[in-house]
Amino acid sequence: MAYQLLVADDSATMQKVVEITFAHEDVAVTAVGSGEEAVAKAKELKPDVLVVDTGMPGMDGYAVCQTIKNDPETSAVRVVLLGSKEPPFDESKA
């Protein structure tokens with residue numbers, strides 16, 4: 001059975017990079033472009049892993065992580081935060 005990986009990034013390029021990275025693995029990748037979509041899709045899919053961009057406009061990756069971890073339906077989902085130089089990764093928020 002394939003692992004379910006949900007990637008949330010407002011960059012179509014980064015979504016594609018993740019899809020290409022796992023193309024030859026037993027991983028089903030679903031990509032969304034916003035934090036709000038990530039939360040909704042995580043509730044629907046119950047992915048094994050959520051990879052989320054910290055610098056998305058609107059609901060950023062930190063808020064997505066907090067929402068996912070505070071919801072009993074999704075609290076077991078592993079979350080990986082993707083940071084960059086702009087905006088810089090905020091370790092205290094993570």
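Helices (H or I, at least four residues) and strands (E, at least two) are taken here as DSSP runs, numbered from the N terminus. Going by that, Gly83 sits in the segment after S4. The model is a predicted one, so to speak plainly about cut-offs: local features need pLDDT of at least 70, side-chain atom pairs count only at pLDDT 80 or more, and totals for chains, interfaces and linings use all residues. Residues are numbered from 1 along each chain as its sequence is written, and side-chain values use heavy atoms, with hydrogens and water left out.

The sheet comes next. Four strands form an open sheet in the order S2-S1-S3-S4, with parallel pairing; two strands count as paired if DSSP finds at least two bridges between them. At the edges are strand S2 (27-32) and strand S4 (78-82), each of which pairs on one side only. Direction ignored, neighbouring strands of this sheet are turned by 20° against each other on average. Axes are lines fitted to C-alpha atoms, for helices over the stretch in contact, and angles run from 0 to 180 degrees between N-to-C directions.

Strand S3 (residues 49-53) is joined to S4 by five bridges, and the two run parallel. Within this pairing, Leu50 stands opposite Val79 in S4, while Val52 has Leu81 as its bridge partner in S4. Helix H3 (residues 61-70) packs on the sheet and touches S3 and S4, its direction making about 175° with that of S4; contact here means heavy atoms within 4.5 Å. Together, S3, H3 and S4 make a right-handed β-α-β unit (right-handed if, with the strands pointing away from the viewer, the path from the first strand over the helix to the second runs clockwise).

S3 also pairs with strand S1 (residues 3-8): four bridges join them, again in parallel. Val52 in S3 is the bridge partner of Ala8. Four of the five residues of S3 are buried, so the strand is largely enclosed by the rest of the structure. Buried means under 20% relative accessible area, exposed over 50%, and partly exposed in between (1.4 Å probe, protein chains only). Back at Gly83, the residue is partly exposed, with a relative accessible area of 45%. Gly83 and Ser34 lie 49 residues apart in sequence and 15 Å apart in space, C-alpha to C-alpha.

Now for the charged pairs. With a salt bridge taken as a side-chain nitrogen of Lys or Arg within 4 Å of a carboxyl oxygen of Asp or Glu, the count comes to four. One of them joins the side chains of Lys16 and Glu19 (3.8 Å, N to O). These two are three residues apart in helix H1 (residues 12-21), so about one helical turn separates them. Lys16 is partly exposed at 47% relative accessible area, and Glu19 is partly exposed at 28%.

Another salt bridge brings together the side chains of Asp71 and Lys43 (3.0 Å, N to O). Asp71 lies in the loop between H3 and S4 and Lys43 in helix H2 (residues 35-45), so the pair ties together parts that are 28 residues apart in sequence. Asp71 is buried at 15% relative accessible area, whereas Lys43 is partly exposed at 34%.
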